[in-house]
Amino acid sequence: MLSVSGLRASYGPVQVLFDVDFQVAKGSVTTLIGANGAGKTTIMKSLAGLVAPTDGEIRFEGRDITQVPSHDRVNSGLCLIPEGRLVFPGMSVEQNLRLGAIAPAARAGHNQMLAEVFDRFPRLRERRSQLAGLMSGGEQQMLALGRGLMARPHLILMDEPTLGLAPVMVKQVFETIVELRDAGFTILLAEQNAKVALELADRAYLLENGRVALSGPGAELLASPDVRRAYLGM
Ligand code: ATP
């Protein structure tokens, strides 16, 4: 579904991605793991069209989207749930969700999509009139995800969805990711929480200093002595 090859990106004179290659298969959960600053967010932003790569190619559903503006990527089914969630704190839960359906492709039938999101996250239905800024971190993560679903994505990019969440909410976020995969969504997940991310990953890529250092099925990386030593503290 997604194929990235030779991706390079820089901030000013500083190069942070070096010839990154990876693939995401339809219906899978693919994870990017790596330490702080390894380049996960920069990859996610490059995919969403928020950072312009200096080289390389991004193909989504067979089409080269490397130069496509970010709003067109959303229209074609690619949705980023950003790090830090970025819900609109002064707007209600429902207003935040409806904003997710602003793309032309999502506008038709958005009431039905809202009902589906509420069915998936009953907590959001209970809180539909509440200001988003008054929700807990975990609830805001569900809201950010629900807002993304409103755009009817084929591929969901989730950047560090568990950052700053209590353990019980971390568990819930991972359960939600598995449920979404089982419902047919394709997910690319950037995660520092390497153990759980590898446990659920169909395929995983370990990033080090802007390069793919290791890749394979999640279970294979989980068993790798290098990964266990450096990322799992074992
Ligand atoms: P984190 O988990 O901390 O978000 P990450 O793996 O997502 O880490 P990136 O945020 O992609 O990593 O950062 C990769 C490199 O690019 C780091 O060295 C970081 O300091 C640098 N960087 C990120 N954003 C900017 C920016 N806006 N301007 C300059 N350098 C940046």
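Glu94 is buried, at 18% relative accessible area, whereas Arg128 counts as partly exposed at 31%. Keep in mind as you look around that this is a predicted model.

A search of the whole structure turns up 12 salt bridges. Another of them joins the side chains of Arg8 and Asp19, 2.8 Å from N to O. Here Arg8 comes from strand 1 (residues 2-11) and Asp19 from strand 2 (residues 14-24), so the pair links parts 11 residues apart in sequence. Within helix 9 (residues 194-200), Glu199 and Lys195 lie four residues apart, about one turn of the helix, and their side chains form a salt bridge of 2.7 Å, N to O. Salt bridges with shared partners also join Arg123, Glu126, Arg127 and Glu139 into one network.

Back at helix 3 (residues 93-99), you will find Leu99. Together with Phe88 and Ile102, Leu99 forms a nonpolar patch on the surface, with about 270 Å² of accessible area in total.

Finally, turn to the largest pocket, which holds about 530 Å³ of space. Its lining has 22 residues, and Val74, Cys79, Leu80, Pro82 and Arg147 lie nearest the centre. Helix 2 gives the largest share of that lining, five residues. By type, the lining divides into 15 nonpolar, five polar and two charged residues.

Notes:
Residues numbered from 1 in each chain as written. Predicted model: local features only at pLDDT ≥ 70, side-chain atom pairs only at ≥ 80, totals over all residues. Heavy atoms only, no water. Patch = residues over 30% accessible without salt bridge, like charges linked within 9 Å, V, L, I, M, F, W, Y side chains within 5 Å. Areas by Shrake-Rupley, 256 points an atom, 1.4 Å probe, with all protein chains shown as cover. Salt bridge = Lys/Arg side-chain N within 4 Å of Asp/Glu carboxyl O. Helix = DSSP H or I, 4+ residues; strand = E, 2+ residues; numbered from the N terminus. 1 Å grid on protein atoms, 1.4 Å probe; cavity = no way out; pocket = protein on both sides within 12 Å on 5 of 7 lines; lining within 4 Å. Points joined across faces, edges and corners; volume = space filled by probe spheres on them. Nonpolar A, V, L, I, M, F, W, Y, C, P; charged D, E, K, R; others polar. Buried < 20%, exposed > 50% of the residue type's maximum accessible area, 1.4 Å probe, protein only.
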